[in-house]
Amino acid sequence: MNQLDKIVALAKRRGFVYQSAEIYGGLNGVYDFGHLGTLLKNNIKDAWTQSILTTRSNILFFDGSLLGAHAMWEASGHTQNFSDPLVDCTNCKRRFRADDINLEEQCPVCGKKAWTDVREFQLMFKTNLGAATDSASIAYLRPETAQSIFVQFKNVMSTNRVKIPFGIAQIGKAFRNEITPKQFLFRMREFEQMELEWFCKPDQMDEFFPLWLEARKQFYINLGVHKDRIRMHEHGKNELSHYSSRTTDIEYEFPFGWKELEGVADRGNFDLTQHSKHSGKDLSVHDEKTKTSYIPNVIECSVGVDRLFLTLLCDAYTEDTVGSEERTVLKFSPRIAPIKAAFLPLTKKISDPMHKIYQDIAAKGIMVECDESGSIGKRYRRQDEIGTPLCFTYDFESEKDNSVTVRDRNTTQQKRIAIDRIEQYLADALIP
Ligand code: GAP
């Protein structure tokens, strides 16, 4: 099994991620998140929100609709430009992204060379609102969260009485009819994005672009991602999206190679200008100092929640040997670990006092687990596999010395601490 297959298997075995509609054969490129996956996702989103708020204070939040008007996607350029090159093999009928394969060579599936012409495939999911099927009823599921921010820019600015520069941040679903969804959560058809659109004056771009790029890189380092698995990639002219004049990707070294994790893009005033033109509404702002109006520029920081989820799984995934036993452990930073600590009575006979301790901690809103079934070794292995930083064990000595053992996930070292110190010990361990 390769590394990615092992991670996919662990994610299912431990209830992080399931294939959508698995009992019906699965929906390709679509996933459901179980208990631990949902907790991990929530921790990722909280950490992202925290990180942008601590970079700059003037950030507003937004939650736009998933369905977007045809006119909006016309204006943004998505109906014309948001496509991937598609090619079919006429022999085995398999379909490929033309930029994923070498058309000078044979089909990687059937070994024949029988390609159709390359054509552009629109990635947006199209639908009709209501019973009508005329062109006026066409709508699209959004392929990025950003556009709803741009079309509401004036409303957000005037109702919140903010001044340039400021940011609008959004976490939400996006949909792309990817030709070949692949590599688990890397390229999905339904996914979540965390996007920040930073509005500033054109002459402030040189100040803010490096500031956001550095802040975004630092975010991953603060989450404990290995520094040597992160690098920057500045787009060449032929890589740029239709709306961008400059983009730097923050790339991560996945088990399948270096790939984009986040894009930091200079969108200039492309989007606001387009929406001004197409809607006929003036989206410029007035500069009190110079008494002139201008359309603000935008720096965009955009990362997929699911892609970061996969990054953190890959980065944390470790196989090591404890004594003579091999184990798998997810070395998550305590901040994003779905379960912060496990409370494990050595045997069921002494589970009551451990339950009481567990319930006191759980009542404080800390995500903890109590597990009393199976051998203590098996329970440690399970907690290692789900990335729980600490395990507290109540044993036969505990009643006499009012202490428990605490085991560190990464080192497996154990030490004894007084029961009345557990809460403080946990709080200290959870500080990033
Ligand atoms: N608003 C800009 C935008 O959407 P993008 O590079 O197409 O730019 C931004 O997407 C981020 O969204 C990517 O860096 C990636 O983290 C995530 N993403 C994009 N397509 C994805 C997909 N099919 N599956 C999972 N994540 C995806």
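Here are some questions and answers about this predicted model.

Q: Why is H2 called roughly perpendicular to H9?
A: Let's start with the angle: helix H2 (residues 35-55) and helix H9 (residues 305-316) pack at about 105°, with their axes 10 Å apart. Angles of 65 to 115 degrees count as roughly perpendicular, so H2 is roughly perpendicular to H9.

Q: What makes the contact of H2 with H9?
A: On the H2 side you will find Gly37, Leu40, Lys41, Ile44 and Lys45. H9 brings Val305, Asp306, Leu308, Phe309 and Leu312. By residue class, the contact of H2 with H9 divides into six nonpolar, one polar and three charged.

Q: Why is leucine 40 called buried?
A: Leucine 40 lies in helix H2. Its relative accessibility is 0% and buried means under 20%, so leucine 40 counts as buried. Leaving aside its neighbours within four places in sequence, leucine 40 is in contact with Phe16, Phe309, Phe332, Ile336 and Pro338.

Q: How do you know that threonine 180 is buried?
A: The relative accessible area of threonine 180 is 17%. Buried means under 20%, so threonine 180 is buried. You can look for threonine 180 in the loop between strand E10 (166-175) and strand E11 (190-200). Apart from neighbours within four places in sequence, threonine 180 is in contact with Arg95, Phe96, Arg97, Asp100 and Arg187.

Q: What makes serine 375 partly exposed?
A: Serine 375 has a relative accessibility of 43%. Buried is under 20% and exposed is over 50%, with partly exposed in between, so serine 375 counts as partly exposed. Serine 375 is found in the loop between strand E21 (368-370) and helix H11 (376-386). Threonine 347 is 28 residues from serine 375 in sequence, and their C-alpha atoms are 8.3 Å apart in space.

Q: Why is lysine 291 called exposed?
A: Exposed means over 50% relative accessible area, and lysine 291 has 58%, so lysine 291 is exposed. Its place is the loop between strand E15 (285-287) and strand E16 (292-294). The backbone here deserves a look too: lysine 291 has a positive phi of about 55° although it is not a glycine.

Q: How do you know that asparagine 402 is exposed?
A: Asparagine 402 has a relative accessible area of 51%. The cut-off for exposed is over 50%, so asparagine 402 is exposed. Asparagine 402 sits in the loop between helix H12 (398-401) and strand E23 (403-408). Its phi is near 50°, a positive value in a residue other than glycine.

Q: What is the omega of the peptide bond from isoleucine 164 to proline 165, and is the bond cis or trans?
A: Omega is near 5°, and the bond is cis. Proline 165 lies in the loop between helix H6 (153-160) and E10.

Q: Which atom of glycine 304 lies 2.8 Å from an oxygen atom of the ligand?
A: For glycine 304, a backbone N or O atom lies at that distance. With arginine 267, a polar side-chain atom lies 3.5 Å from a nitrogen atom of the ligand.

Terms used. Residues are numbered from 1 along each chain as its sequence is written. This is a predicted model: local features need pLDDT of at least 70, side-chain atom pairs count only at pLDDT 80 or more; totals for chains, interfaces and linings use all residues. Side-chain values use heavy atoms; hydrogens and water are left out. Axes are lines fitted to C-alpha atoms, for helices over the stretch in contact, and angles run from 0 to 180 degrees between N-to-C directions. Helices (H or I, at least four residues) and strands (E, at least two) are DSSP runs, numbered from the N terminus. Angles under 35 degrees count as roughly parallel, over 145 as roughly antiparallel, 65 to 115 as roughly perpendicular and the rest as oblique. Contact means heavy atoms within 4.5 Å. Ala, Val, Leu, Ile, Met, Phe, Trp, Tyr, Cys and Pro count as nonpolar, Asp, Glu, Lys and Arg as charged, and the others, Gly among them, as polar. Buried means under 20% relative accessible area, exposed over 50%, partly exposed in between (1.4 Å probe, protein chains only). A polar contact is a pair of N or O atoms within 3.5 Å; within protein, one must be able to donate a hydrogen and the other to accept it, and residues adjacent in sequence count only if both atoms are side-chain atoms.
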